[in-house]
Amino acid sequence: MDWTALWLSMRLAGWTVAVLLPVAVLMGRFLAYRSFGGKGLVEALVMLPLVLPPTVFGFYLLVAFGRNSPVGGLWQNLFGHQLVFSFEGLVVASVIFNLPFAIQPAQRGFEAIPAEVREAASCCGMSPLASLWKVELPLAWPGLMTAMVLTFAHTLGEFGIVLMVGGSIPGETRTIAIAIYDRVQAFDGQAAAIMSAVLVAISLFTIALTYWLSARMGRRLS
Amino acid sequence: MALEVMARADSPIPLDVAFRVEPGELIALVGHSGSGKTTLLRSIAGLWRPETARVAVNGTTWLDTAARVDLPPHRRRVGIVFQNYALFPHMTAAQNVMAAMDTADYAEAERVLDLVNLHGLAHRKPAHLSGGQQQRVAVARALARKPHALLLDEPFSAVDRATREKLYDEIVALRAHLAMPVVLVTHDMNEAQFLADRMVVIEKGHVVQEDTTARVMADAHALRAMGIREVAAMLPAVIAEHGDDGLTRLDAPTGPLYLPWIDAVPGTGLRVRIMAHEVILSRAFPDGLSAQNIIAGTVTRIVPGAGPGVMIHVDVGGHEILARITRRAAEQMALQPGMTVHAILKSMSIARDHVVRAPDAASTAE
């Protein structure tokens, strides 16, 4: 059992969720309330990682983050190591790759709030920020919760893009999914089996937790 | 603290309206759906901005497109009751009310909830309240904002008839506590006649008529858009006694009025809406008639309509009854102003929701 890999996966999933939560709130809310020209295109772009093979996506990220790219070059100058094949690079890739899993449920959550309720909030004297905090977030919470859990679980299970952008550096980019692959390649069936079982257990637990929380939330709201 | 409103727009609906509401006055904007009355209300609240508009309360300008002033809704001191109430579903009644306060104060929230007869329900969430109770929470929340203008958007349309009648009485009673201008949007003329001091009739975004409620309700031309059958007079009356046969006798300026059982104690002040098309006129005192109410009066005015009808204004003890009869009947009867006539009214023709408590009776009944 590669505990380092499991811990790395958890950290990666945690960071991805932490970065995506505010993004999901802002983008989900924006897409839910506004209609503008090109909205369909923006929504399609957000959904793109869902349909692209991770290898294609990973390839583009490799090119975009590489030492010779503006982003990669800037990173190298600032932090003294390259963005690809690093934990930070994995976080960035994971954040982008999980955009649909975070934004889509958040958007549905905000869309479920009747326009009149939001109007009532502002007519009650709430500033947009107060309305977000006191009315919209509590009401969109089931959607946001789903977004966060999906992102977390999906990051734990992500394989292709991690391999493309991160490689398999122990303690840096070797996640549990990569570690399982390595073990299988090395004919270490027992280790692969244990780690697979652990991953199944964690994923199952996370998703069960969401269902339980959203059911509880549903009761609280009605 | 008068509310002044002027709004002009070409889209989404044409709009060209201006009116003014005095402090403590309740004005009803009446018109069909699509006439622009709700859009107008939304412009006052800041939820919509017409191309050209000015909204000012007590000298404070909320919106002035010419001067580029446009306060967002949360910076306007406005209380609004939405058609479907738009309560915050995750908050209790008290929390809903506190959400509209500058600083949350539970005792004050309970006081406001008491004011709308919701004593003891402060801890309930909207889903556990009836439609009428939800409407009361919405009213309480609007009042908790300490609004400089109170806006009611079809606030009675989502409850059943029995609840609506009760809510009318409550709003009438609440009026004593309301010092700000109140704007009621409705398509229900019965509601408007009972609740409003003045009425603005809006048709396709334009003002057809603006006047006191009594005058608008007697004006067949103004009510053309709303349906001429809405023309009605309103008489004050006091419950005298309940008969064994299920009829209630009222004392009115017209003499006694017999109506189907009214659930209130003798001495209760009422207002009775008498539809013009329900009234039959007779020159001689009719005999052997089933109708229980025969009221003698004097013809004051005869107003011809566009169609086959004429409106006869009959003075009875200083109050007016309206009778809409055919021009042919008026000619056959040779009706002239000054003539004595008998207005005949079936007890059963007065619907239960056309009888509402008088303001003073409602406020003492609190």
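# Strands of chain B

Reader: Is strand E8 of chain B, residues 149-153, mostly covered or mostly exposed?
Author: Mostly covered. Five of its five residues are buried. Keep in mind that this is a predicted model.

Reader: Which way do the residues of E8(B) point?
Author: B:Ala149, B:Leu151 and B:Asp153 point one way. B:Leu150 and B:Leu152 point the other way. All are buried.

Reader: Which strand does E7 of chain B join, and how many bridges are there?
Author: E7(B), residues 78-81, is joined to E8(B) by four bridges. The two run parallel. B:Val78 stands opposite B:Ala149 there.

Reader: And what about E9(B)?
Author: Four bridges join E8(B) to E9(B), residues 182-186, and these strands run parallel. B:Leu150 has B:Val182 as its bridge partner in E9(B).

Reader: What do E8(B), helix H5 and E9(B) make?
Author: A right-handed β-α-β unit. Helix H5 of chain B covers residues 161-174.

Reader: New topic. What is the strand order in the open sheet of five strands?
Author: E14-E13-E12-E15-E21, in chain B. The pairing is antiparallel.

Reader: Why is one side of E14 and of E21 left without a neighbour?
Author: Strands E14 (255-260) and E21 (355-357) of chain B stand at the edges of the sheet, and each has a single partner strand, so one side of each lacks a neighbour there.

Reader: How are neighbouring strands of this sheet turned against each other?
Author: By 40° on average, direction ignored.

Reader: How many bridges join E13(B) to E14(B)?
Author: Six, with the strands antiparallel. E13(B) spans residues 247-252. B:Thr248 has B:Leu259 as its bridge partner in E14(B).

Notes
Residues numbered from 1 in each chain as written. Chains lettered and ligands numbered in written order. Predicted model: local features only at pLDDT ≥ 70, side-chain atom pairs only at ≥ 80, totals over all residues. Heavy atoms only, no water. Pairing = 2+ DSSP bridges. Axes fitted to C-alpha atoms, helices over the stretch in contact; angles between N-to-C directions. Buried < 20%, exposed > 50% of the residue type's maximum accessible area, 1.4 Å probe, protein only. Right-handed = clockwise from strand over helix to strand, strands pointing away.
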